[in-house]
Amino acid sequence: MNKKTLVIGASTKPERYSNMAIRKLTNYNHETVAFGMREGDEAGITIDTELKQYKNIDTVTLYLNPERQEQYYDYIIALNPKRVIFNPGTENPEFYGLLTENNIDFEVACTLVLLSTNQY
């Protein structure tokens, strides 16, 4: 099942986990959009540097530390995704509470592992 995914904290650097996630998501045929601090392209996906009102986002996968996430709380909630994945290093109990209040599921997990184990 194709789960349209927004990668927040996307990077063009191949050694970054956000970059690996973009490549793996596209390999698993999930429609992927990406937002990062620097423009670029990875696996045919343009990394946007301006927030867009993407439609039909199933999953937001985070690659930002908790301090940097705060400025995106309202944006992510407004997208109304089905879930938000907090990858290692992004755990944020404050944001968990806001997501719960807005009926958005969240997982503290690794996107790469979920994809590799068919649990995505």
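**Close-up views of a predicted model**

**View 1. Ser 18 and its contacts.** Leaving aside neighbours within four places in sequence, Ser 18 touches Val 7, Gly 9, Ala 10, Ser 11 and Tyr 63. The model shown here is predicted. Ser 18 sits in helix α1. Its relative accessibility is 4%, so Ser 18 counts as buried. The cut-off for buried is under 20%.

**View 2. The largest pocket.** This pocket holds about 550 Å³ of space. It is lined by 21 residues. Closest to the pocket centre are Gly 9, Ser 11, Arg 16, Ser 18 and Tyr 63. What classes of residue make up the lining? There are 8 nonpolar, 9 polar and 4 charged residues.

**View 3. The open sheet.** The sheet has 7 strands. Read across, their order is β3-β4-β2-β1-β5-β6-β7. The sheet is open, and its pairing is mixed. Which strands lie at the edges? They are β3, residues 40-42, and β7, residues 105-108. Each of these edge strands pairs on one side only. On average, neighbouring strands are turned by 25 degrees against each other, with direction ignored.

View 4. Strand β1 spans residues 5-8, and β2 spans residues 32-35. The two run parallel and are joined by 4 bridges. Find Leu 6, then look across to β2: the bridge partner there is Val 33. Helix α1, residues 17-27, lies across β1, β2, β3 and β4. The helix runs at about 165 degrees to β1. Ser 18, from View 1, belongs to this helix.

**View 5. Strand β6 and its two partners.** Strand β6 covers residues 83-86. On one side, β5 (residues 59-62) runs parallel to β6 and is joined to it by 4 bridges. Strand β7 also pairs with β6 in the parallel sense, again over 4 bridges. Follow Val 84 in β6. Opposite Val 84 stands Val 60. In β7, the bridge partner of Val 84 is Phe 106. Are the residues of β6 buried or exposed? Arg 83 and Ile 85 on one face are buried, and so are Val 84 and Phe 86 on the other. Both faces of β6 are covered.

**View 6. Two loop residues with positive phi.** Ala 43 lies in the loop between β3 and β4. Its phi is near 55 degrees, a positive value in a residue other than glycine. At 41% relative accessibility, Ala 43 counts as partly exposed. Asn 103 is found in the loop between α4 (93-101) and β7. Asn 103 is not a glycine, yet its phi is positive, at about 55 degrees. Why does Asn 103 count as exposed? Its relative accessible area is 70%, and the cut-off for exposed is over 50%.

**View 7. Asn 118, after the helix α5.** Asn 118 is placed in the segment that follows α5, residues 111-116. With a relative accessibility of 66%, Asn 118 counts as exposed. Now locate Asn 87, which is 31 residues away from Asn 118 along the chain. The C-alpha atoms of the two are separated by 17 Å.

Terms used
Residues are numbered from 1 along each chain as its sequence is written. This is a predicted model: local features need pLDDT of at least 70, side-chain atom pairs count only at pLDDT 80 or more; totals for chains, interfaces and linings use all residues. Side-chain values use heavy atoms; hydrogens and water are left out. Two strands pair if DSSP finds at least two bridges between them. Axes are lines fitted to C-alpha atoms, for helices over the stretch in contact, and angles run from 0 to 180 degrees between N-to-C directions. Contact means heavy atoms within 4.5 Å. On a 1 Å grid over the protein atoms alone, a cavity is a set of points where a 1.4 Å probe fits but cannot get out, and a pocket is an open set with protein on both sides within 12 Å along at least five of seven lines; lining residues have an atom within 4 Å of a point. Grid points are joined across faces, edges and corners, and a volume is the space filled by probe spheres set on the points. Ala, Val, Leu, Ile, Met, Phe, Trp, Tyr, Cys and Pro count as nonpolar, Asp, Glu, Lys and Arg as charged, and the others, Gly among them, as polar. Buried means under 20% relative accessible area, exposed over 50%, partly exposed in between (1.4 Å probe, protein chains only).
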